[in-house]
Amino acid sequence: MTASMTDEQRDYLAERSLAVLATGRRDGSPQQSLVSYFFDGEALLMSVTKDRAKYRNAVRQPRVSVLVVDGRRQVVVYGLASLLEGRERDDAIRAIRVHQGNPLPDDYDLEQFSQRLDELQRVVLRVVPERVLGLEPGAPS
């Protein structure tokens, strides 16, 4: 189930690229990580490696939250994380790079790019919003 969002929330998420990803540790305590993300209009995409706690936690317990803060304004996304690997991962990472202003050169060998991502054990966490809070009219943000 995808959460309904206001245009202001969508624009806010699309215009930013840093967030705090919160996952649950095995013992139930929270784990937070500063991450770069790209909002593709439907989900937040984050490139991570398999050797990190955020990856292990999201695989074990896919319910996560993402805080995008800008000064005193914020949006919190509660959602379900899934993994993108292979071709989907490659496409998502290229989109993330474009959003960050660091696109691959037009003549870059995409097979080599994919192999390098495999070597690095890089995947993409895709967080589909189920609930979005912040920037509502009349609510503190």
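This report describes the nonpolar cores and the aromatic rings of a predicted model.

## The largest nonpolar core

The largest nonpolar core holds 25 residues, and those that touch the most other members are Leu13, Tyr37, Leu44, Met46 and Val66. Several elements each supply at least two residues of this core, namely the helices α1 (7-14) and α2 (53-60) together with the strands β1 (18-24), β4 (44-49), β5 (63-70), β6 (73-84) and β7 (122-133). Of these, β7 gives the most, with 4 residues.

Met46 can be followed in detail: leaving aside residues up to four places away in sequence, Met46 touches Leu21, Val35, Ser36, Tyr37, Val66, Ile96, Val123, Val124, Leu125 and Val127.

## Aromatic rings

A pair of aromatic rings is described by the distance of the centres and the angle of the planes. In this model the count comes to 1 aromatic pair. The ring centres of Tyr108 and Phe113 are 6.1 Å apart and their planes stand at 85°, and because an angle over 60 degrees counts as edge-to-face, this pair is edge-to-face. Phe113 is buried, with a relative accessible area of 5%, whereas Tyr108, at 33% relative accessibility, counts as partly exposed.

## A charge over a ring

Another ring, that of Tyr12, has a charged residue over its face: Arg16 lies there at 3.8 Å from the ring centre.

Definitions and conventions:
Residues are numbered from 1 along each chain as its sequence is written. This is a predicted model: local features need pLDDT of at least 70, side-chain atom pairs count only at pLDDT 80 or more; totals for chains, interfaces and linings use all residues. Side-chain values use heavy atoms; hydrogens and water are left out. A nonpolar core is a set of buried Ala, Val, Leu, Ile, Met, Phe, Trp, Tyr and Cys residues joined through side-chain atoms within 4.5 Å. Buried means under 20% relative accessible area, exposed over 50%, partly exposed in between (1.4 Å probe, protein chains only). Contact means heavy atoms within 4.5 Å. Rings of Phe, Tyr and Trp (its six-membered ring) pair if their centres lie within 6.5 Å; planes under 30 degrees apart count as stacked, over 60 as edge-to-face and the rest as tilted. A charge sits over a ring if NZ of Lys or CZ of Arg is within 6 Å of the ring centre and within 35 degrees of the ring normal.
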